[in-house]
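This report describes a single protein chain for a reader who is new to structural analysis. Please consult the sequence and the three-dimensional view while reading.

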Amino acid sequence: MSSYSRRSFLNKFGLSSAALPFINGLPSLQAKSSDGRRKRLVIMFSPNGTLPGEFWPDQQEGSISLKPIMEPLSEFKGDILTLKGVHNKVGGDGDDHMKGIGCLLTGSRLHRGNIQGGGHTPAGWASGISIDQEISNFLQSNEATKTRFGSLEFGVAVPNRADPWTRLSYAGSNKPIAPIDDPQQMLQKMYGKMKDKESLVSILDDVADDLKSLSAKLSEEDRQLLEEHMTLVRKVEKDLKVAEQESSSDHPEPEIDPNIELVNDNTPKISRAQIDLMVNGFANDMMRVATLQFMRSVGQARMRWLDINDGHHSLSHKPDNDKSAYDKLLKINKWFAGELAYLCKRLKQTPEPGGQGSMFDNTLIVWVNELGKGNNHTLKNIPFTLIGGGLDVKMGRALQMPDIEHNRLMMTLAHSFGHNIESFGEKALSAGGVIDLS
């Protein structure tokens, strides 16, 4: 089938505009060339530091040996690259958690402000764009890589409040981007118009006849991809209705004291729904960049589905010899790794639309945290984990870096997408240039 503009295609076959999100990424319908490789970036955030002794893999000859936190990723260990020795040296105002999350993707200082952290100077929003948005803007500036959304920001149990501890992505200085942590709202953004939550009508009900008539005119590959999109949307709709019926309250559960967060017991289901939506958005080429933010910095999530009733942040402050707290933190961090493993599996199970291999082969996932270790608030040895096939370097390695600024890693990510910036964030911290990962 020859290429049409998508709007022309709607007119030609008499489709409603509601059908457009479902045919956005079908290779044979794209007006833009499908010859180029679709490279994607996912940045996944989990909070409150890690347990270094249980996290950093050991390098062995030709492979790596995973520690307990990483065990859920064992089937992907050949696709993992860890970078120890990368530090957040941005400095400036704000407590370490504030600087940890606010400077993590921006490489820029926080503005002076009136939000008081734990014993440090008050601060405000970050003073620069985050690397996910920098790369998205670059891709959106090129017609060959431009997508409907550019980027999507997914949240899981992020509290409904706006402060430097809850924002990971920035469109620019003083421009934080709030993640969408309601899968129903994300589903509507991607595939339909916003409707009243209590009277939600299936998105597919509105376009089923159009898509059925269209399916007969598609190539076998496009027909299969369209059916996968429709199946996923129907599954998410069903899962969300079940989750609402099982839940006794909205998500996330509100608390008068913002330091206490009783995270909804449906959080695991919500996490999987968000990941499914992200993968489907990538398959349909709605975006090339996404963030997946779990909770918030200094978050006191009580992960009751793990049989943990203590607040996460409080646990992260306990000394290493507190075995009960240590074991709970190990369980928490392994759960985050398990969600990352699910994302990897979903990408690996999804064939690359119009290309070879799977979407995992063309996607770079960066798992990040705002601190290197929770109970000492260090901004050194931030646990950067790179996974997938999107970086085009040898994976399956645990590298010890020579104490470098994380701004240089952000530059390296940009360069891997062909965006050859000469600095990122604080210029003085970009002086060493991109990191040689060959």
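The following sections treat the chain as a whole, then its cores, strands, salt bridges and backbone angles.

**Basis of the description**

The model is predicted, and local features are given only at pLDDT of at least 70, side-chain atom pairs only at pLDDT 80 or more, while totals for chains, interfaces and linings use all residues. Residues are numbered from 1 along each chain as its sequence is written, and side-chain values use heavy atoms, without hydrogens and water.

**The chain as a whole**

The secondary structure of the protein chain comprises 12 helices and 11 strands. Here helices (H or I, at least four residues) and strands (E, at least two) are DSSP runs, numbered from the N terminus. Of the 438 residues in the chain, 57% are buried. A residue is called buried under 20% relative accessible area, exposed over 50%, and partly exposed in between (1.4 Å probe, protein chains only).

The accessible surface of the chain comes to about 17,600 Å², and carbon and sulfur atoms hold 47% of this area. Such areas come from the Shrake-Rupley method with a 1.4 Å probe, and for residues only the protein chains shown count as cover. Among contacts with a separation of 6 or more, 71% are between residues 24 or more positions apart; a contact means heavy atoms within 4.5 Å.

**Nonpolar cores**

In soluble globular proteins, nonpolar side chains tend to be buried together. A nonpolar core is a set of buried Ala, Val, Leu, Ile, Met, Phe, Trp, Tyr and Cys residues joined through side-chain atoms within 4.5 Å. The largest nonpolar core in this model has 76 residues, and L73, F154 and W367 have the most contacts inside it. Helix 11 (residues 323-349) gives the most to this core, contributing 14 residues. A second, separate core has 35 residues, including V289, V368, L409 and I421.

**Strand 4 and its partners**

Strand 4 (residues 80-87) is mostly covered, as 7 of its 8 residues are buried. Which strands pair with strand 4? Two strands pair if DSSP finds at least two bridges between them. Strand 4 is joined to strand 10 by 4 bridges, and these two strands run antiparallel. Within this pairing, T82 has T385 as its bridge partner. Strand 4 also pairs with strand 11, in the parallel sense, over 6 bridges. There, H87 stands opposite E405.

An antiparallel pair is also formed by strand 6 (residues 169-172) and strand 7 (residues 175-177), with 3 bridges. Y170 has P176 in strand 7 as its bridge partner. The hairpin of these strands has 2 residues between them, and N174 takes a positive phi near 60 degrees in this hairpin.

**Salt bridges**

Side chains of opposite charge can pair when their charged atoms come close. A salt bridge is a side-chain nitrogen of Lys or Arg within 4 Å of a carboxyl oxygen of Asp or Glu. The structure holds 19 salt bridges, and the table lists some of them.

| Salt bridge | N to O distance |
|---|---|
| K89 and E405 | 3.8 Å |
| D163 and R161 | 2.8 Å |
| D327 and K323 | 2.7 Å |

K89 is partly exposed at 37% relative accessibility, whereas E405 is buried at 18%.

D327 and K323 are 4 residues apart in helix 11, so about one helical turn separates them. D327 is partly exposed at 34% relative accessibility, while K323 is exposed at 59%. Elsewhere, salt bridges that share partners join R37, K39 and D392 into one network.

**Positive phi angles in loops**

D392, a member of that network, has a positive phi near 60 degrees although D392 is not glycine. D392 lies in the loop between strand 10 (384-388) and strand 11 (397-405). Is D392 buried or exposed? With a relative accessible area of 52%, D392 is exposed.

N48 is also a residue other than glycine with a positive phi, in this case near 70 degrees. N48 lies in the loop between strand 1 (40-45) and helix 3 (52-55). N48 is buried, with a relative accessible area of 2%.
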